[in-house]
Amino acid sequence: KYARGYFMPPAQSLKWTQKEYISEAPIWCSVDLRDGNQALIVPMNLEEKLEYFKLLVAIGFKEIEVGFPAASETEFTFLRTLIEQNLIPDDVTIQVLTQSREHIIRKTFESLRGAKKAVVHLYNSTSVAQREQVFRKSKEEIIDIALTGAKLLKECAEETEGNFQFQYSPESFSGTEVEFALEICNAVLDVWQPTAANPVIINLPATVSMSMPHVYASQIEYMSDNMKHRENVIISLHPHNDRGTGVADAELGMLAGAQRVEGTLFGNGERTGNVDIVTLALNMYSHGVNPNLNLENIPYIISVYERLTKMRVSERHPYGGELVFTAFSGSHQDAIAKGMKWREEKEPKHWSVPYLLIDPKDIGREYEGDIIRINSQSGKGGIGYILQQKYGLDLPAKMREHFGYCVKNVSDHQQKELAPDEIYDIFAKEYVNIK
Ligand code: KIV
Ligand code: ZN
């Protein structure tokens, strides 16, 4: 009644300890323009997709899934525009999604005419629920769908000019018995025969996340340990966020041996979204690992993202949210103010200011106001910090305490947050006018 049930890998592989920490960035693949776009109330139009593509390129994505070109006119035209107007930088590889159906595969290759290179991403659904309820097919029939598509992809790639890399996703992998997922992936790999020069991507989606992150990681580890042609296979993660654990799934999946991650900016995507690449990348950054993405101007990225998707980045969103580098409470403000001062004096190598995971400046956020904001919960430390930073007023300890109460009182009575200018006005009224 309560549980859908989830699929555990065989017990011996429940270790996911191939690595103890993430020491380098994975290959990132943005699926904003496909998985993200298909989940929007109003999908982006051609101009919006073009602008979003440029944003992704500017951030530094080297692999971008641009759509499902056989699925709609806009998707097809978007891809043709990218190719015909030569908008794909040489160091960026586009990726296109296709179902394992002949006319769709043929149309996909038609849409790719003139592309110098591309990843062609084939998928079919493999979970118990999909096999039984949607397709009503046996395991053998599901393998047959994958292999028919894999063979046709190979044929079409041989007939079409350009360099094509193949990707296979057993869609709904998270609801598939791992032994069966391995069997179907190995069968596809036998058809494609990956080489070092042209490795195959095996993408293992938590299409619906169903288990705790360590279970997904164990499934990934089982696949990684037992996959044929492993040295010429790139294992890719594609977590969704149904359980709110997309980021944890990806982090543990990387520890378990995955080399690539598909996700979106701020976690846009079907239902609760795809894994949020911004959070994942900045989590890495907070550990001193270069994420190989340029996230130095998060406010700009958010403004473009919100305008084009008509979605909102919530105030509490890790790193990007408006309130995440803000402290209202007195003790937090005091600690931050002291931490900043200590930092100025000691010039330590690493960022360690209390309550702030990273230096907001590193992602284009402001210190003043952005970090310390004043309301009735605030304390003398934060209020003093604002006066000092913004107006050069360094109050003696007793005065700081008194002034702290004055400001909190005003905010309490007016039931609102106070801007630095209002704080200065209170200061002027309280002390300067008296004089
Ligand atoms: O979530 C999913 O399984 C997908 C596949 C098409 C990779 O988006
Ligand atoms: Zn997806």
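Here are a few exercises on the structure above, each with a worked solution.

Keep in mind that this is a predicted model, where local features need pLDDT of at least 70, side-chain atom pairs count only at pLDDT 80 or more, and totals for chains, interfaces and linings use all residues. Residues are numbered from 1 along each chain as its sequence is written, with chains lettered from A and ligands numbered from 1 in the order in which they are written.

**Exercise 1. Work out which residues surround ligand 1, and sort them by class.**

Step 1: Take residues whose C-beta atom, placed from the backbone, lies within 6 Å of the ligand. That gives D35, L97, Y123, S169, E171, N203, P205, T207, H238 and H240.

Step 2: Look for elements giving two or more residues to this shell, and you get β5 (163-171) and β6 (200-206). Strands here are DSSP runs of E, at least two residues long, and helices are runs of H or I, at least four, numbered from the N terminus.

Step 3: Split by class: 3 nonpolar, 5 polar and 2 charged. Nonpolar takes in Ala, Val, Leu, Ile, Met, Phe, Trp, Tyr, Cys and Pro, charged means Asp, Glu, Lys and Arg, and the others, Gly among them, are polar.

**Exercise 2. Find where the annotated "binding site" residues sit.**

Step 1: The unreviewed UniProt entry puts this label on D35, H238, H240 and N274; positions are in the numbering used here, feature names are shortened, and such annotations may be inferred rather than shown by experiment.

Step 2: These residues span 240 residues in sequence, yet no two of their C-alpha atoms are more than 10.4 Å apart, so they gather at one spot.

Step 3: Check H238, in strand β7 (residues 233-239). H238 has 29 C-beta neighbours inside 10 Å, so it's buried (20 or more other C-beta atoms within 10 Å, all placed from the backbone; 12 or fewer is exposed, in between partly exposed).

Step 4: Now N274, in the loop between β8 (260-263) and α10 (277-286). With 31 such neighbours, N274 is buried too. Beyond four places in sequence, N274 touches residues including D35 and H240 (contact: C-beta atoms, placed from the backbone, within 7 Å).

**Exercise 3. Locate the largest nonpolar core.**

Step 1: Join buried Ala, Val, Leu, Ile, Met, Phe, Trp, Tyr and Cys residues through C-beta atoms within 7 Å. The largest such core has 85 residues, and V66, C185, I220 and M223 have the most contacts inside it.

Step 2: Helix α7 (residues 178-192) supplies the largest share, 8 residues.

Step 3: Apart from this core lies another, of 17 residues, among them A327, A337, I371 and V407.

Definitions and conventions:
Two residues are in contact if their C-beta atoms, placed from the backbone, lie within 7 Å.
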